[in-house]
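Hi everyone, thanks for coming. I'd like to walk you through a structure that may be new to you, so let's bring it up on the screen.

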Amino acid sequence: MKAVGARLPRYDGIAHVTGRTQYVDDVRVPGQLWVKALRSPHHHAAITHIDTAPAEALPGVHAVVTCADVPHNVYGHLEALGVPADEPLLADGQVRYKGQPIAAVAADSEAIALAALEAIDIRYEERPAVFDIRQGLDPGAPEIHHWGPVYPHFGPHNHRRVRKGDVEAAFDAADTIVEGVYRPQAIEHCPLETQVSLVVPEANGRLTIYSCTQAMYFSLGVVSAHLEWPLNKIKFVGGTVGGGFGGKVDTATETVCALLAIKSQKPVKWRFTREEEFLASSTRAPWHVEIKDAVSKEGWILGRRTLTLHDSGAYSRFSPYGLTKHAFHHTGAYTIPAVSFDGFVVYSNRVPTTAMRGFGVTSVSLAVETHLNRVAQVLGLDPLELRLKNANRIGDTTGNRVVMHDPSTVAVTLAAAERVGYELGDEYRDMTSERRTGELLPEHLAGQQAPEGEHLIVHSATTNGGH
Amino acid sequence: MARRQGRGFATIEYPTGMNQNGDPSQAWIKLKPDGRVDVFAGTVDIGQGSKTVHTQIVADAIGVPYDWVTMDNSNTDSSAVCTGTFASRGTFIGGNAVRYAAEKAKERILEIASKELEISADDLEVVDGEVLAKGAPDRKISIPDVAGAATYVYGELITGNGTALKPLAELNDDDGSVTAEPHSAISYAACVIDVEVDDETGEVTVLKMTQVYDVGRAINPTLVEGQIEGGAMMGLGLGLLEDAYPRYPSVEHRGEQFGAYLAPSLCDMPEIDNVIIENPSVDGPFGAKAIGEMANNAQPPAIAAAIHDAVGVWVTEMPATPERVLRALQASAEPRLDGKRVIFDEEISVAAVSADGGEGFWGVDA
């Protein structure tokens, strides 16, 4: 029997529904301490004074850590990809969002740990905050980071840009220009299992980290970078996650637990409360997308201008990556020969936003699809026929000059129409994804087409190794 | 005042793997002396079933029964690098890593079998746990016997390892052009949503979702349907219910419990009709493309379109709460016309809300 294509049951399904799966919080180690974090009560403030000595003096408290205890406090998740670090593991002199961790305590019980947080002597000086990224560049807007209100490292630019074709000419030639604004919201990841880790300091000097991360090697890299330890001194144990959806790409608890385990030489566990999960952990980013399409009365999209603002929250985290991915896909499942895209990662005093299912492209889908429906409405055309006409075809190139070799815009659109009994005109019903020719290759689309025979990019996935 | 029905469409695309690539997944395989197959990889199963899918890929790539294969993804000591379970990369990139490792292990199996059968490895094939001479299937040796011979006669361990890695695609920051394809296969989907809108309360009910996904090859159709239906409900939450900042622009009064944060539940679940299309990718495992992330992208615009079809207004700030639908109905604003420009949503634009008319953002080329 062939396994591929078979409806085999999930290997872990029975264990999940009968409660036999062991998640991180089910792991029990004798002598384990509990962790709680002191979090900022303000959206934006300077920390003018902090003294953790009263907390350390409490019976049952085994360790307290602040930014002074972190060997490499400011580490960026994407430093390896050239995204400079801007987020401290524990706040250093300034807090930029409500819920930002400042100090953490390991104690015999969660109650003692909470009491220890109360005992920390801390004073703040509140600062004005920014919540609407549309006002991020306003003169006199509150300063969140000293380098400015937007992430500045897209090469020489402070924004991600795509430029292709003659956009001016497309807008001059257009019969109609349709302009719209789309604002998908921030949402929570909502995993049933909140962020959690258990770190055990082993007798041989290694750390064993039981983690709910979606990416063990990624998180291993993050913890080892903060600690400035080699990879072989840390063992991640994971692979079973009680819901991730992108939020558990953040390495939220592991590094703080590691520091407390090293300092106390005892196993420590930190599990977010449901309130922490909702209020202090990251969200999907809210986006602001403005589209202006130059269209002909026949329903061709001749050109597009796009402005995207990505609300990064207080720190960059994965946002520059998400915006770049958004830029690469900003024309959706369609071919537009002339585009001008500018996208900004704008800081606010919301919680940092992070990866979530569809990262960077969920916003494109809302904006592009709604906009196309409006173009169809304005032109008085069928919205499906508009899609089929402008669909990605073999040999078409995207704004980033990526050549399409196996597009299915046409196939899925036709299949959906057929499934619900939607009537299409004859010239659309039999459409395929083959290279554009004839009426489907008007003058404005001719130049963007890759030469015949060059439409198949040979993917360069590599293998190595042997025995 | 009435309940009005409407239908909306959306067609979307989504890439496989990290944008610009450079994200390896590695795996290695060893055979036990009875021919059973142990797979080690660092790919985390976040509930989508990647461990099951990878096991299926290995079983067919070697040619052994599915239940001979055991996968261990439990820790970073025994497994090699996997960049992570995100970017819809599990089946494609993680799956390619275990496939390459399985193909290497299969080569080793054929080498040992070649010695035992005294037939060139090129003339052998693996079928259902046995190595057969091509064209002479009575000349054969079972994989358990091959593994036993490797261990106890030849003193060898049958292993294989593989890495799936597409090199980083360089990006021109001035125009966004790339020198190489910046992702693996692109998946496509279309979504049709039927809604009912109460034009008195603004409440929107999704009645039915019809969804078509091109996944290249459904390694496990049941798990593909799980992704489609789970994603559909997340998309419904995006379109109608969820908001981390429900009083925005105030950022206070956030939901801090499931009882106060409106995630979709089973009672919100409409009839869902799934259609899977298989337009194979050129280089995914057995032609597979990705399905994971894109599954919640098509619903919000299809819902917005269905609301427009039902009651004639556009909601472009998500979610389409009863309040937003009612406000749109009360405003019933026509787009502003300016020459050949047709301008929707002017009041929520950067130009309207920022202090300088949006010049800072719109004027970067000026």
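Let's begin in chain B, where helix H1(B) passes helix H2(B) in a right-handed crossing. Please keep in mind that this is a predicted model. H1 covers residues 50–62 of chain B and H2 covers residues 90–117, and the two pack at an angle of about 30° with their axes 8 Å apart. Angles under 35 degrees count as roughly parallel, and H1(B) and H2(B) are therefore roughly parallel to each other.

Which residues of H1(B) meet H2(B)? On the H1(B) side they include Val53(B), Ile57(B) and Ile62(B), and among their partners in H2(B) are Gly94(B), Val98(B) and Ala102(B). By class, this contact has eight nonpolar, six polar and three charged residues.

Now over to chain A, with another helix pair. Helix H10, residues 383–390 of chain A, packs with helix H11, residues 409–419 of chain A, at an angle of about 160°, and their axes are 9 Å apart. That makes H10(A) roughly antiparallel to H11(A). The crossing of H10(A) with H11(A) is left-handed. Here Leu384(A), Arg387(A) and Leu388(A) from H10(A) meet Val410(A), Thr413(A) and Ala417(A) from H11(A). Sorted by class, those residues are four nonpolar, one polar and one charged.

Finally, the domains. Chain A is assigned domain 1, at 30–126 + 190–273, and domain 2, at 160–186 + 283–446. Taken over C-alpha atoms, the centres of these two domains of chain A are separated by 41 Å. Their contact takes 16 residues from domain 1 of chain A and 17 residues from domain 2 of chain A. On the domain 1 side, we find six nonpolar, six polar and four charged residues.

Note on methods: Residues numbered from 1 in each chain as written. Chains lettered and ligands numbered in written order. Predicted model: local features only at pLDDT ≥ 70, side-chain atom pairs only at ≥ 80, totals over all residues. Axes fitted to C-alpha atoms, helices over the stretch in contact; angles between N-to-C directions. Helix = DSSP H or I, 4+ residues; strand = E, 2+ residues; numbered from the N terminus. Parallel < 35°, antiparallel > 145°, perpendicular 65-115°, else oblique. Left-handed = near helix turned anticlockwise from the far one by under 90°. Contact = placed C-beta atoms within 7 Å. Nonpolar A, V, L, I, M, F, W, Y, C, P; charged D, E, K, R; others polar. Domains from an automatic or database assignment.
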